[in-house]
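Trainee: Could we go through this structure together, term by term? I would like to hear the rule behind each word before I use it.

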Amino acid sequence: MPTKKKPQVTASPERRRELLDTAAEVFAAQGYNATTVRKIADRAGMLAGSLYYHFDSKESMLEEILRTFLDELWAGYDAVLDAEHDPRETLEALVTESFREIDRHRAAVAIYQKEAKHLAVQDRFAFLAASQRAFEKAWLTTLERGVEDESFRADLDIRLTYRFVRDTVWVAASWYRPGGQHSPEEIARQYLSMVLDGIAVRPT
């Protein structure tokens, strides 16, 4: 007789979120290729076979983790961009929203940084490349607007500035831990002070 496939079980949203959070932490710590369903199940305190009742593969888990992170990121970014603030206010709001997303999805950000480049060539993860193009456009456009209206220095190398701000912000996922001494908003404020005003004392 043919073996019966295990039926897919619809977990409660809370339980599904818990399992995905666990998977994200394992992917972030060990890397996607080195992570097996068994390792995720062990961390979740369940049998590997039981995890298959909720997800059909580790690819499905990774896709949902990254889509959830990017959907929330773009909901925040789109709200900022639609508000049509001046360039400096837009930059400040984008940085602040970025730190809020690191707070909400630290492990997903770490996965994205490590894995997005090689995942994006797969059809299943093509959305990563599309998101990256939109991300770059949003930041470059904001910087270009700032140079045009003289909010930012005319001698800025726009692309170099973009890369500096991007990397300065998102590398925080490597050390940030939710519930720490500083809120995401406070960290964003400190970063913005350094990026926009520098760290040297200005002569009186």
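Trainee: Which residues line the largest cavity?

Mentor: The largest cavity is lined by V95, V165, T168, V169, Y191, L192 and V195. Please keep in mind that this is a predicted model, in which local features need pLDDT of at least 70 and side-chain atom pairs count only at pLDDT 80 or more, while totals for chains, interfaces and linings use all residues. Residues are numbered from 1 along each chain as its sequence is written, and side-chain values use heavy atoms, with hydrogens and water left out.

Trainee: What makes a space a cavity and not a pocket?

Mentor: On a 1 Å grid over the protein atoms alone, a cavity is a set of points where a 1.4 Å probe fits but cannot get out, whereas a pocket is an open set with protein on both sides within 12 Å along at least five of seven lines; a lining residue has an atom within 4 Å of a point. By this rule there is 1 cavity of 30 Å³ or more. The largest cavity holds about 40 Å³ of space, where a volume is the space filled by probe spheres set on the points, and points are joined across faces, edges and corners.

Trainee: How many residues of the lining of the largest cavity are nonpolar, polar or charged?

Mentor: Ala, Val, Leu, Ile, Met, Phe, Trp, Tyr, Cys and Pro count as nonpolar, Asp, Glu, Lys and Arg as charged, and the others, Gly among them, as polar. On that basis the lining of the largest cavity has 6 nonpolar residues, 1 polar residue and no charged ones. Helix 8 and helix 9 each supply at least two residues of this lining; helices here are DSSP runs (H or I, at least four residues), numbered from the N terminus.

Trainee: What is the volume of the largest pocket, and which residues are closest to its centre?

Mentor: Its volume is about 420 Å³. Among the 18 residues that line the largest pocket, Y112, Q113, A116, Q132 and R166 are the closest to the centre. Two or more lining residues come from each of helix 4 (58-82), helix 6 (106-119), helix 7 (126-148) and helix 8 (158-170), and the lining divides into 12 nonpolar, 3 polar and 3 charged residues.

Trainee: Which element gives the most to the lining of the second largest pocket?

Mentor: Helix 8 does, with 3 residues. The second largest pocket has a volume of about 320 Å³, and by class its lining has 8 nonpolar, 2 polar and 2 charged residues.

Trainee: Why is helix 4 called roughly parallel to helix 7?

Mentor: Helix 4 and helix 7 pack at an angle of about 25 degrees, with their axes 11 Å apart. Angles under 35 degrees count as roughly parallel, over 145 as roughly antiparallel, 65 to 115 as roughly perpendicular and the rest as oblique, so helix 4 is roughly parallel to helix 7. The axes are lines fitted to C-alpha atoms, for helices over the stretch in contact, and angles run from 0 to 180 degrees between N-to-C directions.

Trainee: What makes helix 4 roughly antiparallel to helix 5?

Mentor: The axes of helix 4 and helix 5 come within 10 Å and cross at roughly 160 degrees, and that angle makes helix 4 roughly antiparallel to helix 5.
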